[in-house]
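Hello,

Here is the structure you are taking over. My notes follow below it.

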Amino acid sequence: MAYLKFNKAELVNLAYSLRREILATNRAGGYTNTTIVCCNTRKYHGLLVVPIDEFQGDRHVLLSALDETVIQHGQAFNLGIHHYRDAYEPRGHKYIVDFAYEPVPTLTYRVGGVLLKKEMMLVHNEDQLLIRYTLLDAHSATTLRLKPYLAYRNVHELTKANMTANTRSEKIPGGVKSKLYNGFPTLHMQMSKSAEFVACPDWYYNIEYMDEVRRGYDGMEDLFVPGYFECSIKKGESIIFSASVKEAKPTSLKTLFGKTLAVRPPRNSYIECLTTAAGQFISQRGKLTELIAGFPFYGQKSRDTLVSLPGLTLAANRDEKMCKTILDNMSQQLYEGWFTDFDKNNDSVSRPIDAPLWYCWAVQQYAAAVPNANVWKLYGKKMKAILEAYSNGSRTEVCMHDNGLLWSEEQGKPLNWMDAVVNGKSVSPRIGYQVEVNALWYNALSYVLELAEQHRDTKFVKQWEPVREKTAQNFLPIFWSEERNHLADYVGPEGQNIFYRPNQILACALPYSPLSDETKQKALAAIEHELLTPKGLRTLSPRNPLYIGRYEGNQTERYQAQHQGTVYPWLLSFYIEANFRLYGRQFAAKAKELIAGFEEDMMIHGLCTISELYHGDPPHSPHGCIAQASSVAAILRSMHLIEQYGL
């Protein structure tokens, strides 16, 4: 029996099946994303979604959907499904009898005596979708009709019927090509078998994406259909449909599908699913190799890249080469010690204050995995520049005080990972000394100084050792709450903020910590009691009056809940690491139990991957991105920690 498989009763139940999504990436920034019954419920959904260089690399939906119709004895049975306001039309999901990953998304339809199998995949490193249709059974002459729905717009936007679209299609070998607007790539739609293309250009109005409406956004779109392909198909015969930004050779499509399928990794176990998921975040396009923070919403983010990198490369496949490639690319993005992130969704620019410190941690993880790597030669100058950037006052928002600790402040603009803003105000204002930033700072200071001592950089050691000592001396007096036996989340002008939050976990887990084992034990006890869930750590204790247990509603409501109780899996690996550092092998059973709890997630929300976040309240349902790099990385890194400490 297949590991990832759904039966007919589950598939025809739309309340169930529309909450489960498939994701395939081409490892070059493009993806296929839809529900398991191929009904698009998000504006981000599409069969061929690709970055376009002419539009600053933004991802665009070219081919939104493809409806199949089976024709026998003059009767047509449409297998597609779309939602129009309060109705589904057509209702092709009722013909689906099976869905499985074998190892690509595979649906089987039954229409009377017809049994049709559909297999979908993207060609790696190419902007090309391949779908193979195989007629498993039929007792009469059968015709297959394919109708493509084109969007040609940014993933964050919606399109409407208009007079500027180029609605003409041009014949090419095996099919047609279309380009709705100038500046976009041409979409080549071709078939491996000679098929008639019937041109009947038309707009399909008011297709509704229910998840967008649920999230408080506009969810109505018009899609353009240039016509449809039609050809006969015999029992046992397979036909390939290709959609690509390049013209393909129709006679080679079957061979291409076979070769591409042959190298697909299996998805027959929990670890195989996670390892495959890890590879989906790596994008190699031209000379640029980067990590995508999450599908389908996010692009590359410096903090997410560095937090996720060790888990997605070193822990997933022991891929030291890929880890170094991405580290090298991140090194090139460092300018005067800082990273700059561009959010293409809202044209905003941010410079996260902790990302450079995560860079030092990522180098540290790489060095531990590759002991013979000369990381001082490779990255020493960059890490020294990072330390200097925090101390020289190059940014007004963050500075190093005389006590050796980092203070950050900017009204209305959070600079740390708890960065939700509503109506111009931070949901979780944390002005002052932030506990995780200073834990990362102490770790970076200690690690860079260790390397400098090893390589006899006496001038650097003489300059920075007093800073490290001051940081160590002042960390505990500043952050520790004797009354509550845990670390303050931050210390601002008003004093200690003693909310139970998970950020203190880094002070317990990082390789270099200013805390004693006794202090770590107390902090971990508080974290376990107030914040630990089966899906990670809550961002706020349920006993806090500001706690919001469910991440739902419109954008404002979701942002208000985002760091006020929402659970994040990425924090879990640091909780597990902190406990292993303290308790060693005796924590292995608990660690295995925590990680095993995510196996059920292979079958919900995003199949074969881990979501961005979860409700703070039980049963901790998944939300946010269906596939989050930091979440997958955390589970894989935790598994690696279990191997290191637990055996």
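**What was found**

Just after helix H15, Gly-584 has a positive phi of about 60°. This is a predicted model, where local features need pLDDT of at least 70, side-chain atom pairs count only at pLDDT 80 or more, and totals for chains, interfaces and linings use all residues. Numbering runs from 1 along each chain as its sequence is written, and side-chain values use heavy atoms, with hydrogens and water left out.

Helices (H or I, at least four residues) and strands (E, at least two) are DSSP runs, numbered from the N terminus. H15 covers residues 572-583. Ten of the twelve are buried, where buried means under 20% relative accessible area (1.4 Å probe, protein chains only). Among them are Phe-574, Tyr-575, Glu-577 and Asn-579.

**Asp-222**

Asp-222 sits in strand E18 (residues 220-233). Which side chain of opposite charge is nearest to Asp-222? It is Lys-160, at 5.1 Å. Lys and Arg count as positive, Asp and Glu as negative; His and the chain ends are not counted. Asp-222 is buried and has no salt bridge (a side-chain nitrogen of Lys or Arg within 4 Å of a carboxyl oxygen of Asp or Glu). Two backbone nitrogens do lie by its side chain: that of Ala-161 is 3.0 Å from a polar atom of it, and that of Asn-206 is reached at 2.9 Å. Asp-222 also touches Trp-203, Tyr-204 and Tyr-205, among others, leaving out residues up to four places away in sequence; touching means heavy atoms within 4.5 Å.

**Strands**

Two strands pair if DSSP finds at least two bridges between them. Strand E10 (residues 105-111) has six of its seven residues buried, so it is largely enclosed by the rest of the structure. E10 pairs antiparallel with strand E9 (residues 96-101) over five bridges. Three residues make the hairpin link from E9 to E10. E10 also runs antiparallel to strand E11 (residues 114-122), with six bridges. Thr-108 has Lys-117 of E11 as bridge partner. In that hairpin, Gly-112 takes a positive phi near 60°.

Elsewhere, an open sheet of three strands runs E29-E32-E33, paired antiparallel. E29 (433-434) and E33 (495-497) are at the edges with a single partner strand each, so one side of each has no neighbour in the sheet. Gln-434 has Tyr-490 in E32 as its bridge partner.

Regards

Note on methods. Expected span 1.5 Å × (residues − 1). Buried < 20%, exposed > 50% of the residue type's maximum accessible area, 1.4 Å probe, protein only. Polar contact = N/O pair within 3.5 Å; in protein donor to acceptor, adjacent residues only side chain to side chain.
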